[in-house]
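This briefing is for a reader who is new to the structure shown here.

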Amino acid sequence: MPMNLHIICLTKSYNKLDFDLWLKYYKSLGACVHIIDNESSIDIDSSSWSQVGDSYERIEGWPNQWKLFDDILNQNWYGFQYGDYIIFADDDEYFWFNGDAKTVINNEFKRTQLDLLCVPQIYISSQKLEKQRSGPYVLDNYYIRHDFSSQGKAVIYYNPNMKYCFSKNNKEIGHIPFLKYPGSKEWIRMAKVIGSDITKDSTYGITDHKANLRLYHYHLKSIDDWNKKWARGSAACDNQPYSEDFHNNPGFDGYDSIDLTIKNYFKYNLQIG
């Protein structure tokens, strides 16, 4: 069993309650949470992090997200050990595990010789997009779409002798890194898709809505949230990749099935909601 599960979050947060619930969730899983605060409009005070033993730093200006993630892995910013699990998660993304997080991940890696897992995202929102919400999105939004496939994010089995790069493919940049194995000159992007086969040179996979390891992405929470998200810009692109009109967003509409997985975790595990 690896020593640690690391959750790394580059955030420009604007809602403290949402962020606090996100943090409580990942701490309840036993994860080491590393926060990179990119000029959040809320007060994420670094002094509070000494109580939970995690790392916090504040950066200013456009962060060049994928280069930043490369440096975190290749320069081993957080003292990763061989075999640690590393996840880069946004503050509106919830990785869910059917059981102990590290045990579930370990069981998935036992099914493959690869060093990456691809977890396709499940879009989750309200059934009808509201103008403005009154409570935490993680408690109020519980309708999902049944997409056949979707873009995923990686769970990384860390190897200090490996080189990592998120930006080798201009068509599908980010999310699933390319790896250069020790002694090799080639960069390879290949990951085991949760509940499915292997994805090669891609960040997409078939979405298993009943898998033991899932990624719930609260991409559209309300029209007000979308306007704030759009105005703050993208950490990954130096220009805005999305249309300002939320109707043109790939995550818009189609939320017709109730999924209480995350809501119930808060209710029964954290006694919240």
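Where is the place of H34? H34 sits in strand 2. The model is predicted, and local features need pLDDT of at least 70, side-chain atom pairs count only at pLDDT 80 or more, and totals for chains, interfaces and linings use all residues. Residues are numbered from 1 along each chain as its sequence is written, and side-chain values use heavy atoms, with hydrogens and water left out. Helices (H or I, at least four residues) and strands (E, at least two) are DSSP runs, numbered from the N terminus.

- H34 counts as buried because its relative accessible area is 7%; buried means under 20% relative accessible area, exposed over 50%, and partly exposed in between (1.4 Å probe, protein chains only).
- Beyond its neighbours within four places in sequence, H34 is in contact (heavy atoms within 4.5 Å) with H6, I7, I8, C9, S55 and Y78.

**Cavities**

- A cavity is a set of points, on a 1 Å grid over the protein atoms alone, where a 1.4 Å probe fits but cannot get out; lining residues have an atom within 4 Å of a point.
- Grid points are joined across faces, edges and corners, and a volume is the space filled by probe spheres set on the points.
- There are 3 cavities of 30 Å³ or more.
- The largest cavity holds about 130 Å³ of space, and its lining includes S13, Y14, D91, D92 and R133.
- Helix 1 (16-28) and helix 5 (223-232) each give at least two residues to the lining of the largest cavity.
- That lining has 3 nonpolar, 2 polar and 7 charged residues, where Ala, Val, Leu, Ile, Met, Phe, Trp, Tyr, Cys and Pro count as nonpolar, Asp, Glu, Lys and Arg as charged, and the others, Gly among them, as polar.
- The second largest cavity has a volume of about 70 Å³, and among the residues that line the second largest cavity are Q65, W66, F69, F88 and H175.
- Helix 2 (65-74) and strand 8 (149-157) are the elements that give two or more residues to the lining of the second largest cavity.
- By class, the lining of the second largest cavity has 7 nonpolar, 2 polar and 1 charged residues.

**The largest pocket**

- A pocket is an open set of grid points with protein on both sides within 12 Å along at least five of seven lines.
- About 970 Å³ of space lies in the largest pocket.
- Its lining has 40 residues, of which Q65, D90, S234, A236 and Y242 lie nearest the centre of the pocket.
- Strand 1 (5-11), helix 2, strand 6 (116-125), strand 8 and helix 5 each supply at least two lining residues, and helix 5 gives the most, with 4 residues.
- The lining of the largest pocket divides into 15 nonpolar, 14 polar and 11 charged residues.

**Nonpolar cores**

- A nonpolar core is a set of buried Ala, Val, Leu, Ile, Met, Phe, Trp, Tyr and Cys residues joined through side-chain atoms within 4.5 Å.
- The largest nonpolar core has 45 residues, of which W22, Y26, Y94, F95, V155 and L213 touch the most other members.
- Helix 1 provides the largest share of this core, 6 residues.
- Apart from it lies another core, of 26 residues, among them I8, F88, I156 and A235.
- Leaving aside neighbours within four places in sequence, the contacts of L213 include F95, W96, F97, V155 and I194.

**Helix 1**

- Helix 1 has 13 residues and reaches 18 Å from its first C-alpha to its last, close to the 18 Å expected at 1.5 Å a residue; the expected span is 1.5 Å times one less than the number of residues.
- D18, F19, L21, W22, L23, Y25 and Y26 are buried in helix 1.
- The buried residues of helix 1 pack against strand 1, strand 2 (32-37), strand 5 (93-97), helix 4 (137-140) and helix 6 (261-269).

- D71 is found in helix 2 and counts as buried, because its relative accessibility is 17%.
- Leaving aside neighbours within four places in sequence, D71 is in contact with N76 and W77.
- N76 lies in the loop between helix 2 and strand 4 (85-88) and has a positive phi of about 50 degrees although it is not a glycine.
- N76 is partly exposed, because its relative accessibility is 25%.
- D201 is in the loop between strand 12 (198-200) and strand 13 (204-206), and its phi is near 55 degrees, a positive value in a residue other than glycine.
- D201 counts as partly exposed, because its relative accessibility is 39%.
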